Amino acid sequence: MDQRRVWLTVPTYNEAGNVERIVRAAHAELQRLVPGEHRVLIVDDASPDGTGRIADMLAQELDAVDVLHRPGKQGLGRAYLAGFERALDGGAELVLVMDADYSHDPAHIPALLAAARDADLVVGSRYVAGGAIEQWPWLRRMLSRAGSLYARRILGVGVRDLTGGFRCIRREVLEGVDLATLRSQGYVFNIELGFRALGAGFRVEEVPIVFRDRTVGESKISLPIAFEALWLVPSLRFPSLRRAWPVRAVPLADPDVNPDAVLDAEAALGAESDSAGGDPAKGVPARAQ
Ligand SMILES: Nc1nc2c(ncn2[C@@H]2O[C@H](COP(=O)(O)OP(=O)(O)OP(=O)(O)O)[C@@H](O)[C@H]2O)c(=O)[nH]1
Ligand SMILES: [Mg+2]
């Protein structure tokens, strides 16, 4: 496979109205910053609105663009994992991640890449000086803030925007956190990955981003996904709570995963505690404070 240093992963589900614009803009930004050294990977879960076909068209036209088609909607966490695995196989040293709905502006990519010179995980943050959220209704704004504060307090870490999905991740982090045992199916994935990274002693840094509400397409956030966060976050910090939570361990090498394959919880948790047993609350690197 063609090996490239910087991979951008863009998960898509029903983003037919956004995917072309975001991929072209991000691709152009990367071409300017790291010419010939990047790939853009669209991870589409068989979107019924034809996003996958538009993605294929882009991949045909632009050398650096690839598409990973998955058989059905398996959640954002699983899409990230599939993208990470492909990027690592493709020689990625840095893996960028962004949403397809233009909430994440490709104009912030230079700041994320620059920060990754000194940090292992860079989080585009709405909640540090210079960061902002535009055009969100107050309820959404409040829920997001409350969710971030909840995660930060319960986990005892200093990162202000743990749920943020605009990131730049060093290869070593993805190799060091035992991806196969990350459990979150939805948006908690970002919290879990950040918490694991801190626990493993990686440097986490936040750079300010201006986040904009999507103007095209529909949000995939749902009540079950929000509830996942409520009870999953405490169990990240307090492992004894995990017993109540059946773990789905997914074989990473198989893109046609069966999401119903619920493996033995104890076995999966045993594997996890070998690799991510630290408590970031006790040793948060200075940059994350
Ligand atoms: N491949 C894949 N992508 C997904 C899935 N769920 C969401 N996405 C993508 O993940 C990104 C974030 O999802 P959004 O629906 O924008 O969720 P959000 O950003 O929390 O909410 P809004 O901005 O209000 O829409 C978008 O690019 C989605 O298309 C999924 O199950 N599979
Ligand atoms: Mg969005």
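## Helix packing

Axes here are lines fitted to C-alpha atoms, for helices over the stretch in contact, and angles run from 0 to 180 degrees between N-to-C directions. With that in hand, take this predicted model and look at helix 5 (residues 138-155) and helix 8 (residues 223-237): their axes come within 9 Å and cross at roughly 20°. Angles under 35 degrees count as roughly parallel, so helix 5 and helix 8 are roughly parallel to each other.

The crossing of these two helices is right-handed. On the helix 5 side, the contact is made by G147, Y150, A151, I154 and L155, while helix 8 brings A229, V233, P234, L236 and R237. Sorted by class, that contact has eight nonpolar residues, one polar and one charged.

Seven strands make up an open sheet with mixed pairing, in the order 3-2-1-4-7-5-8. Strand 3 (65-69) and strand 8 (204-208) sit at the edges with a single partner strand each, so one side of each has no neighbour in the sheet. On average, and ignoring direction, neighbouring strands are turned by 20° against each other.

Strand 1 and strand 2 run parallel and are joined by seven bridges. In this pair, L8 stands opposite V40 in strand 2. Helix 3 lies across strand 1, strand 2, strand 3 and strand 4 (94-97), and runs at about 155° to strand 1.

## Around ligand 1

What surrounds ligand 1? A shell of 21 residues, with P11, A79, A100, S219 and K220 the closest. Strand 1 (6-12), strand 2 (38-44) and helix 3 (76-89) are the elements that each give two or more residues to this shell.

Technical notes. Residues are numbered from 1 along each chain as its sequence is written. Chains are lettered from A and ligands numbered from 1 in the order in which they are written. This is a predicted model: local features need pLDDT of at least 70, side-chain atom pairs count only at pLDDT 80 or more; totals for chains, interfaces and linings use all residues. A residue is near a molecule or strand if its C-beta atom, placed from the backbone, lies within 6 Å of it. Helices (H or I, at least four residues) and strands (E, at least two) are DSSP runs, numbered from the N terminus. Angles under 35 degrees count as roughly parallel, over 145 as roughly antiparallel, 65 to 115 as roughly perpendicular and the rest as oblique. A crossing is left-handed if the near helix is turned anticlockwise from the far one by less than a right angle, and right-handed if clockwise. Two residues are in contact if their C-beta atoms, placed from the backbone, lie within 7 Å. Ala, Val, Leu, Ile, Met, Phe, Trp, Tyr, Cys and Pro count as nonpolar, Asp, Glu, Lys and Arg as charged, and the others, Gly among them, as polar. Two strands pair if DSSP finds at least two bridges between them.
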